[in-house]
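Subject: Structure handover

Hello,

Here is the structure for your files. My notes on what was found in it follow below.

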Amino acid sequence: MIANIVKPGNNTYGVLAYLFDKGRANEHTDQHVVASWDSFIPDPGPWDSPGHKQRLAQLTKALDLRVVQAGDKAPAGHVWHCSLRAAPEDRILTDAEWATIARRILHATGIAPDGDPDGCRWVAVRHADDHIHIVATKVRGDLRPARNWNDYHRAMTELTSIEKHFGLTQVPRGPEAAAGTPAAKRPTGAEQEKAKRLGHTATARERLRHTVRATLSHAQDLDDFFNLLADAGLQVETRTLPSGDLGGYKVALPDEHPPIWYSGSKLATDLSLPQIRKRLAAADVPADPAPSPAGRPSPNPWHQATAAAERIPHHLTHADDPAVQAHLAVFGEVLYALPAHAPIPLKAELQRAALTFEHAAHTRAQAGHQHARALRGALKGMRHQPAELTGLAMLLDVAIVVVLATQRRSALRHHDRQVAAARQTLIHLQAAYDQLAPASLVQLAGRKPSEHAARRYARVVSEVLPAYAEQIVTDPAWPALTATLAAAEAAGHEPATVVQQAAQQRSLDDVKSASEVLVWRIQRLGQRHAPGSGTRAAQAAGSRPQAPHVPSSSPSGRSR
């Protein structure tokens, strides 16, 4: 939650008139009082309601009563105005909850302490789902000025407690905020109105932010970043300091004449030049993978990215918040990178998935966080190796699981807007997967083994996964699974072991196609170095007699 305490003024009527008016772009709706110092004060209501102006004048007179009584002793700027805004992913608070929050802020700042009959007069006004405004006049009942010294810092401290009490997004403050990256900048009402007038579904700020994020996911260094921005059609200007160092950059849409410029920090704090430098430095790993030992294939960055992403659901449950945020931040970067590697029919869905996940994660992670290095390194490797259909399908399969886990984590914290954004991300990822998977499976099935080998693999599945065996061997993806098992076995892996390991990674109870899930898991497992013959024999002996325990990590039934 964010608080903004406006510079003191003297026009009580003017502030109230704005709050109850329709707004500069008709953004104010259902204007009403949620709380006040006196439950019997007149509520002006919406600007076009009957008797609005009369009630507005009455409310102003009541608020200003003590100011008039104090005369020359009243403070020069007697109007105290504070707005409180919830984070975009937070649930919509009720009027009663906002009333409680307003009273807590007024108590913490010294404007109207609890139990103080001489506290200042005040009113809390709501004209949108996500925020309220508190207006007070800074003269107490004893006609002395309010004791609101250091009110902003007191409000920040109280907001931290409020966020915990109501289960809202924890906003970093003080030293913690300096180490993190806040959410994307919210478009103004005027920007939204302009986009609507021009027939755009997103504002200029949002379109620019998406392009800059997507470009950054492919950039190697700053020069590459600016060149890629220009290649994407944006107007780009950089600012040079007197020392000759680069001091900042700004971008504008190609169709803006004259251009309306946005600096990186105006798009999102993590897109400022200092944060981009940190992010590029964090991704500064060798472009080419280290040479592999003789006889072993070079690591596939798509498989490495899948393996790193596969561990994120565990981190969401067991890691501390900075680590969780770091993993989600880099996973968001991966989503922004995917459209460039995907077939044309999938690009739009993947772009929408990246946009909606930004709101689902709403991270504030530091760019170089150590916990995200594996996925960030794989992301850089992906830029140098084109995606095969199976590699992309495998990563999408895991991406869906990550978003499901993110949705569950948000639901447990009652972050309704994040839950809704995660749900939209899932829709787009599922649509992309459903378009891609059939072709990938057909491609794999073209390498299916002999009927004799297929029957042997069916016996393995029956021994290791008896509860799912019939479903798996009758699934349309079964030929692709046999081909995958054959490839893993040719690489030196014991089929029963990889089947068991793949099944243990995630529950098969809530999936539409267990065979598909096993295909992608075994594809990645097959890339690992095969154990020696003695180890394989021990693994085989331990894997056949019992079915694996498969814990469910999905918060809701997965549709595949």
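Glutamate 494 lies in the loop between helix 20 and helix 21 (495-504), where helices (H or I, at least four residues) and strands (E, at least two) are DSSP runs, numbered from the N terminus. Glutamate 494 is buried, with a relative accessible area of 16%; buried means under 20% relative accessible area, exposed over 50%, partly exposed in between (1.4 Å probe, protein chains only). From glutamate 494 to glycine 526 the separation is 32 residues in sequence and 9.9 Å in space, C-alpha to C-alpha.

This is a predicted model, in which local features need pLDDT of at least 70 and side-chain atom pairs count only at pLDDT 80 or more, while totals for chains, interfaces and linings use all residues. Residues are numbered from 1 along each chain as its sequence is written, and side-chain values use heavy atoms, with hydrogens and water left out.

Overall figures

The protein has 23 helices and 8 strands. Of its 560 residues, 52% count as buried. Among contacts (heavy atoms within 4.5 Å) between residues at least 6 apart in sequence, 74% join residues at least 24 apart. The accessible surface is about 25500 Å², and 53% of that belongs to carbon and sulfur atoms; the areas come from the Shrake-Rupley method with a 1.4 Å probe, and for residues only the protein chains shown count as cover.

Helix 20 (residues 478-490) and helix 22 (residues 514-525) have axes that come within 9 Å and cross at roughly 20°. That makes helix 20 roughly parallel to helix 22. Axes are lines fitted to C-alpha atoms, for helices over the stretch in contact, and angles run from 0 to 180 degrees between N-to-C directions. Angles under 35 degrees count as roughly parallel, over 145 as roughly antiparallel, 65 to 115 as roughly perpendicular and the rest as oblique. The crossing of helix 20 and helix 22 is left-handed, meaning that the near helix is turned anticlockwise from the far one by less than a right angle (right-handed if clockwise).

On helix 20 the contact residues are Trp478, Ala480, Leu481, Thr484, Leu485 and Ala488, and on helix 22 they are Ser515, Leu518, Val519, Ile522 and Gln523. By class, this contact has 8 nonpolar, 3 polar and no charged residues. Ala, Val, Leu, Ile, Met, Phe, Trp, Tyr, Cys and Pro count as nonpolar, Asp, Glu, Lys and Arg as charged, and the others, Gly among them, as polar.

Helix 21 also packs against helix 22: their axes come within 9 Å and cross at roughly 115°, in a right-handed crossing. Val498, Val499, Gln501, Ala502 and Ala503 of helix 21 meet Leu518, Arg521, Ile522 and Leu525 of helix 22. The classes here are 7 nonpolar, 1 polar and 1 charged.

Helices 11 and 15

Helix 11 (residues 301-310) packs on helix 15 (residues 373-382) at about 155°, with the axes 8 Å apart. That makes the two roughly antiparallel, and the crossing is left-handed. Pro301, Trp302, Gln304, Ala305, Ala308 and Ala309 in helix 11 meet Ala374, Leu375, Ala378, Gly381 and Met382 in helix 15. This contact has 9 nonpolar, 2 polar and no charged residues.

The buried ones are Leu375, Arg376, Ala378, Leu379, Lys380, Gly381 and Met382. They pack against helix 10 (273-282), helix 11, helix 12 (312-318), helix 13 (321-341) and helix 16 (389-412).

Regards
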